[in-house]
Amino acid sequence: MKLVFATNNVNKLKEVQEMLPNSIELLSLKDIHCFDEIDETETTLEGNARLKASHITAKFVYNCFADDTGLEVESLHGKPGVYSARFAGEPSNSENNMQKLLQELNGKKNRKAQFRTAICLHLDGKQFLFEGICKGEILAEKQGEKGFGYDPIFQPKGYQQSFATMQRNEKNKISHRGLAIEKLVTFLVAYKK
């Protein structure tokens, strides 16, 4: 089965490719010669995932899935949420986003947070949604060099280290994206039978 993952993020592509069975050939936007800038204009993660998947399916006629991920911090009333990638403004910059978040949490005792991923799958004319959540907390300072985005300051619940210190396969087992992709893969394997 050929399936397009509607992202230009090389790190996400690698993570997801490692989680998919060999029976699913993952194509990137580059693979299908899609260089469209798909603006994420919705106010929810699900809405943005749906928007991206719908665009690819309508224009390129491929089965496709898209995701959107947000970091939701309890003491900031769910911020940065759907605006996680652009929290510190345009252009999107992970370092600036982390610094802004750490500044907003300065002096706050409650550092509970969760990463949430929404995936929208367009398959054979139908649409399906999947969600993955990883609870944890925001560290006071960066820890580790691996990963991307907010990984250096997010410590998953039950662990004494940030996502950015974990091996990718270890992170994939517990991460928001890993859990959402696991649901997607389980669905796809059952769907093919």
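These are my notebook entries on a few places that I looked up in this structure.

**Ground rules.** I am working with a predicted model, in which local features need pLDDT of at least 70 and side-chain atom pairs count only at pLDDT 80 or more, while totals for chains, interfaces and linings use all residues. Residues are numbered from 1 along each chain as its sequence is written, and side-chain values use heavy atoms, with hydrogens and water left out.

**Strands.** I began with strand E1 (residues 2-5), which runs parallel to strand E2 (residues 25-27) and is joined to E2 by three bridges; helices (H or I, at least four residues) and strands (E, at least two) are DSSP runs, numbered from the N terminus. Within this pair I found Leu3 bridged to Leu26. I then noted that E1 also pairs in the parallel sense with strand E3 (residues 64-73), over two bridges, where pairing requires that DSSP finds at least two bridges between the strands. Here Phe5 stands opposite Phe65 of E3.

**Asn97.** I next looked up Asn97, which lies in helix H3 (residues 94-105) and is buried, with a relative accessible area of 3% (buried means under 20%, with a 1.4 Å probe and protein chains only). I saw that the Asn97 side chain reaches the backbone nitrogen of Ala88 at 2.8 Å.

**Glu74.** Last, I placed Glu74 in the loop between E3 and strand E4 (80-81). Its C-alpha atom is separated by 7.2 Å from that of Arg111, although the two residues are 37 residues apart along the chain. Setting aside neighbours within four places in sequence, I found Glu74 in contact (heavy atoms within 4.5 Å) with Asn110 and Lys112.

Methods:
Buried means under 20% relative accessible area, exposed over 50%, partly exposed in between (1.4 Å probe, protein chains only). A polar contact is a pair of N or O atoms within 3.5 Å; within protein, one must be able to donate a hydrogen and the other to accept it, and residues adjacent in sequence count only if both atoms are side-chain atoms.
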